[in-house]
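The sequence and structure come first.

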Amino acid sequence: MTWMRWAPAMEQALYDPDRGFYRRPEGPAGHFRTSVHASPRFARAVARLLLEVDAALGRPEELAFVDVGAGRGELLTGVLAELPAGVLARLRPYGVEIARRPAGLPSTVLWTDELPQGVTGLLFANEWLDNVPLDAGEVDEDGVLRYVEVDTATGAVRPGAEVSETDAAWAERWWPVTEPGEVVEFGGSRDAAWARAVAGLERGLAVAVDYGHTAGRRPPFGTVTGFRDGREVAPVPDGSCDVTAHVALDAVAAPGLHSLWTTQREALRALGVSGGRPPLALASTDPAGYLRALSGAGEGAELTDPNGLGGFGWLVQAVRMSPLEIFEGL
């Protein structure tokens, strides 16, 4: 057996150069379905968001679109396909990902494993923060908060050392636990990762989309889980499956910026995605158009389902720009 705290175990399982889950050739789409894979309407909505940001910034000479955790470039490709020629001529698209550059990606995309610095535009991180490794802790029978250790071969867990002052302070502020058996997932690593990403924006909008929670709604027993071949599985950190945990979105928010927390359902509705059925009269006047609209409505319904993809949290932060009017009232 090899026992580790969750953070190094996740780091090895997900990103090891030789056997990390995110190094595998099939990519995330081979194991789980994100909003990007569910419908082109998601990329269309992100493209609209980019156009809103462009207008709010006064249409800068160079406009950046930074896709953090870009997978195999699916969102990038979809967004580029939705943009008008005039915007594409000014656009500098970035795919931030540890995996190799996928074949067929437009030559204009800068594929990098480093967050860009000094850019102006939209930074979009879809299901990235949930894969930033983090430690977990559990209160023992004596009321002591200890790290949880995991066996990398089997996924078995056991109590470890008492937590550091830094993690104890984070828990006290953001996720206090006192009763034996209560679990906390220390989000300091996610907070720091998001701060680095946002710091790369000279001006613009930063958006993090993830399954998440905020104060008062923390899960008492944690959220670490695994995914493989389209199914949720035990989180065994051996490189054979995704290992993920929900995000404390209120803790993640970079301080000093205008911030908005909302759901994907509400954000996508503001961006024009609807699951409403087309009028039945269209079926008699334009049967083919009705079928297309009906299919699109189904995709929109999936993206905005509050019990599914629509339940994702959106953290939206404005950097040296005014808040977007399109999100007013959310």
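The model is predicted. Its largest nonpolar core has 45 residues, and the members that touch the most others are Leu-49, Phe-65, Phe-124, Leu-205, Trp-314 and Phe-327. Several elements each supply at least two residues of this core: helix 2 (35-38), helix 3 (40-56), helix 4 (74-82) and helix 9 (264-270), together with strand 2 (63-68), strand 5 (119-126), strand 10 (201-210) and strand 17 (313-319). Helix 3 gives the most, with eight residues. In soluble globular proteins, nonpolar side chains tend to be buried together.

Leaving aside neighbours within four places in sequence, Phe-327 is in contact with Leu-49, Leu-260, Ala-267, Ala-270, Leu-271, Trp-314 and Val-316. Another core, of 26 residues, lies apart from the largest one; Leu-129, Ala-193, Ala-208 and Val-252 are among its members.

## Strand 3 and its partners

Strand 3 (residues 91-96) is mostly covered, with five of its six residues buried. On one side of the pairing scheme is strand 2, which runs parallel to strand 3 and is joined to it by six bridges. In this pair, Val-68 stands opposite Val-96.

Strand 3 also pairs with strand 4 (residues 110-112), again in the parallel sense, over three bridges. Here Gly-95 is the residue opposite Trp-111.

## The largest pocket

The largest pocket holds about 760 Å³ of space. Its lining consists of 33 residues, and those nearest the centre are Tyr-15, Gly-69, Val-96, Glu-97 and Trp-128.

Helix 1 (6-15), helix 2, helix 4, helix 7 (188-199) and strand 2 each supply at least two residues of the lining. The largest share, three residues, comes from helix 7. By class, the lining has 16 nonpolar, seven polar and 10 charged residues.

## The cavity

The count of cavities of 30 Å³ or more comes to one. About 50 Å³ of space lies in the largest cavity. Lining it are Leu-134, Trp-170, Trp-175, Glu-185, Gly-187, Arg-190, Asp-191, His-213, His-246, Val-247, Ala-248 and Val-252. Helix 7 and strand 15 (247-248) are the elements that give two or more residues to this lining.

The cavity lining divides into six nonpolar, three polar and three charged residues. Helix 7 contributes to the lining of the cavity and to that of the largest pocket.

## Two partly exposed residues

Pro-84 is placed in the loop between helix 4 and helix 5 (85-88). Pro-84 counts as partly exposed because its relative accessibility is 40%, a value between the limits of 20% and 50%. The C-alpha atoms of Pro-84 and Ala-47 are separated by 10.0 Å, while the two residues are 37 residues apart along the chain.

Ala-161 lies in strand 8 (residues 157-162). With a relative accessible area of 48%, Ala-161 is partly exposed. Not counting residues up to four places away in sequence, Ala-161 touches Arg-146 and Tyr-147. Ala-161 and Val-144 are 9.8 Å apart in space, C-alpha to C-alpha, and 17 residues apart in sequence.

Conventions
Residues numbered from 1 in each chain as written. Predicted model: local features only at pLDDT ≥ 70, side-chain atom pairs only at ≥ 80, totals over all residues. Heavy atoms only, no water. Core = buried A, V, L, I, M, F, W, Y, C linked by side-chain atoms within 4.5 Å. Buried < 20%, exposed > 50% of the residue type's maximum accessible area, 1.4 Å probe, protein only. Helix = DSSP H or I, 4+ residues; strand = E, 2+ residues; numbered from the N terminus. Contact = heavy atoms within 4.5 Å. 1 Å grid on protein atoms, 1.4 Å probe; cavity = no way out; pocket = protein on both sides within 12 Å on 5 of 7 lines; lining within 4 Å. Points joined across faces, edges and corners; volume = space filled by probe spheres on them. Nonpolar A, V, L, I, M, F, W, Y, C, P; charged D, E, K, R; others polar. Pairing = 2+ DSSP bridges.
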